[in-house]
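Colleague: I am new to this structure. Could you take me through the sheet and the ligand surroundings?

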Amino acid sequence: MTATLIDGKAYAAGLGDRIAEGSADFSTETGRAPGLAVVLVGTDPASEVYVRSKGRMARKLGMESFEHLMPVDTTQEALLALIARLNADDAVAGILVQLPLPRHLDSLAVVEAIDPAKDVDGLHPLNAGYLASGLPGLISCTPLGCLMLLKSTLGDLSGMDAIVVGRSILVGKPMAQLLLAENCSVTVAHSRTRDLAQKVGQADIVVAAVGAAEMIRGDWIRPGATVIDVGTSRVIRDGAQRLVGDVDFASASEHARAITPVPGGVGPMTIMSLMHNTLLAAFRRAGRPAPSLW
Ligand SMILES: NC(=O)C1=CN([C@@H]2O[C@H](COP(=O)(O)OP(=O)(O)OC[C@H]3O[C@@H](n4cnc5c(N)ncnc54)[C@H](OP(=O)(O)O)[C@@H]3O)[C@@H](O)[C@H]2O)C=CC1
Ligand SMILES: Nc1nc(=O)c2c([nH]1)NC[C@@H]1CN(c3ccc(C(=O)N[C@@H](CCC(=O)O)C(=O)O)cc3)C=[N+]21
């Protein structure tokens, strides 16, 4: 069997067109574009690239982007003061603080300081709780993007066996909650899990979010399963730097029905889900019904 490629880049582009329309409607109705504030502390090159691409995408879709680049020695107080200003700023619908923060800063306290209605990353404990309770809130971008790809590939997920490898607050846990809400039977695996290969082999849906290059081997995958690879690791191969996922793509493609590539799979969906959440937050803030976009 050769798997179908799940083209996250193409799906994200289509979603982007609908978000741009929604964004234009919002601006006409309210006289103001949806605003996204992105906060970066320090000069980590990978984070700088992500922050720039988020700002560029927001502008491309007709949103306003406010980029706050802060020095690496920024204090907790200064960062909290900025968050307080952004919370109070009517032009800002969404706030994202790029993680990880420098070690001297307390990320959880920073995330908790963000107004939950502006928490477009879905990381605030209130939004995590809404998701677990089945209430409307804001959903973490990467899991939301993975769910969009799964539903566009498989349709109804009811009754399927799913495994999520990884249990972070950013990806694994919200992913497991979303799959449960779609009526999957969900296994969550992590670094203490025993017999990972055997557990992966039972699943109709595999979501890998570990950050370990190609650790999930193709022959673990149940024939006909659907594989979503969130992991991104930079490796040197044949003298050149390459980005690879948590799944050994070449061998997994021989077992799976459908699989996301890295790059071009989940990554573009993460950024587009952020735009989706910003538009949603803007409509809710204005007390207007948000268009359904996917
Ligand atoms: N493409 C995209 O848009 C995005 C990609 N990413 C990428 O996804 C990956 C995961 O990100 P994130 O969740 O933030 O990472 P974390 O490091 O926060 O979490 C990793 C998880 O993997 C688990 N784990 C570690 N080793 C193993 C193992 N050998 N077997 C099973 N589970 C293991 C950990 O278990 P334990 O809890 O026991 O420590 C932990 O729950 C990274 O590569 C990251 O770069 C992340 C966000 C967006
Ligand atoms: N508060 C916060 N929210 C995040 O969502 C968040 C974060 N912090 N910190 C870091 C991780 C990582 N992350 C990625 C986003 C896009 C790509 C992406 O677009 N990747 C491209 C490739 C890009 C390349 O070539 O480097 C792709 O997979 O096609 C990857 C990874 C978001 N994260």
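Modeller: To begin with a term, two strands pair if DSSP finds at least two bridges between them. Strands (E, at least two residues) and helices (H or I, at least four) are DSSP runs, numbered from the N terminus. This is a predicted model, in which local features need pLDDT of at least 70 and side-chain atom pairs count only at pLDDT 80 or more, while totals for chains, interfaces and linings use all residues. Residues are numbered from 1 along each chain as its sequence is written, and chains are lettered from A and ligands numbered from 1 in the order in which they are written.

Colleague: Which residue in S3 stands opposite Val38?

Modeller: Opposite Val38 is Glu67. Strand S2 (residues 35-41) runs parallel to S3, and seven bridges join them.

Colleague: In what order do the strands of the open sheet come?

Modeller: The order is S3-S2-S4, with parallel pairing. Strand S3 (64-70) and strand S4 (94-97) each have a single partner strand, so one side of each lacks a neighbour in the sheet. From one strand to the next, the twist averages 15°.

Colleague: Which strands does helix H3 lie across?

Modeller: Helix H3 (residues 76-88) lies across S2, S3 and S4, at about 180° to S2. Angles run from 0 to 180 degrees between N-to-C directions, with axes fitted to C-alpha atoms, for helices over the stretch in contact (C-beta atoms, placed from the backbone, within 7 Å).

Colleague: Now the ligand: which residues come nearest to ligand 1?

Modeller: Of the 25 residues around ligand 1 (C-beta atom, placed from the backbone, within 6 Å), the nearest are Gly166, Ser168, Ser191, Gly211 and Thr270. Helix H10 (residues 266-285) gives the most to this shell, with three residues.

Definitions and conventions: Two residues are in contact if their C-beta atoms, placed from the backbone, lie within 7 Å.
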